[in-house]
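Here is a short briefing on one protein chain. Look at the sequence and the structure first, then read the points below.

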Amino acid sequence: MSSSVSAARSPRPDASNETTSRDSTFSETGRVQASATACFSVHARAEPGLMPRVLELFAKRGLVPSSWHSATGGPFVDGQQSELTIDIQMRGLAPETADFIAARLRQIPDVELVLTSQKR
């Protein structure tokens, strides 16, 4: 005799029924601000532990970047390319939070430069 076991999963709510928008943020006064995307360009020495440290700044705040692109370049040192560039985009991030994250990115060892911009 065989028995079947099925895992019960709660249905994911349809995106059209959501009452809040991921494309907007609340200001300290509680008003919804227009959607904007914070952009970060991190230039650093190519070290294995650098990417997790960068991602941790977002993860600690419960954020998943909208876009992440990383590439190595520069001259080879000890068989590896010496420079790492990480471009991150985070949609709906309040400007104050983006400034705070940029300041924290600049404190990570091996980070040489952090450029920020905002697109609407």
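Eight bridges join β3 to β6, and these two strands run antiparallel. Helices (H or I, at least four residues) and strands (E, at least two) are DSSP runs, numbered from the N terminus. The model is predicted: local features need pLDDT of at least 70, side-chain atom pairs count only at pLDDT 80 or more, and totals for chains, interfaces and linings use all residues. Residues are numbered from 1 along each chain as its sequence is written, and side-chain values use heavy atoms, with hydrogens and water left out.

**Confidence**
- The protein chain has an average pLDDT (the predictor's confidence in each residue, from 0 to 100) of 80, and 72% of the residues score at least 70.
- Over residues 2-25, pLDDT stays under 50, and the model has twelve contacts (heavy atoms within 4.5 Å) beyond four places in sequence for them.
- Where pLDDT is low, predicted coordinates should not be read in detail.

**Sheet**
- The protein chain contains two helices and six strands, in the order β-β-β-α-β-β-α-β from the N terminus.
- Four strands form an open sheet in the order β4-β5-β3-β6, with antiparallel pairing; two strands pair if DSSP finds at least two bridges between them.
- β4 and β6 are the edge strands, each pairing on one side only.

- α2 lies across β3 and β6 and runs at about 165 degrees to β6.
- For these angles, axes are lines fitted to C-alpha atoms, for helices over the stretch in contact, and angles run from 0 to 180 degrees between N-to-C directions.

**Buried residues and core**
- Of the 120 residues, 28% count as buried, meaning under 20% relative accessible area (1.4 Å probe, protein chains only).
- In α1 the buried residues are Leu50, Val54, Leu57 and Phe58.
- They lie on the same side of α1, because they cover an arc of only 100 degrees around the axis; the arc is that of the directions from the helix axis to the C-beta atoms.
- The largest nonpolar core has 21 residues, and Phe40, Leu50 and Leu105 have the most contacts inside it.
- A nonpolar core is a set of buried Ala, Val, Leu, Ile, Met, Phe, Trp, Tyr and Cys residues joined through side-chain atoms within 4.5 Å.
- Not counting residues up to four places away in sequence, Phe40 touches residues including Phe58, Ile86, Leu105 and Leu115.

How values were computed. Buried < 20%, exposed > 50% of the residue type's maximum accessible area, 1.4 Å probe, protein only.
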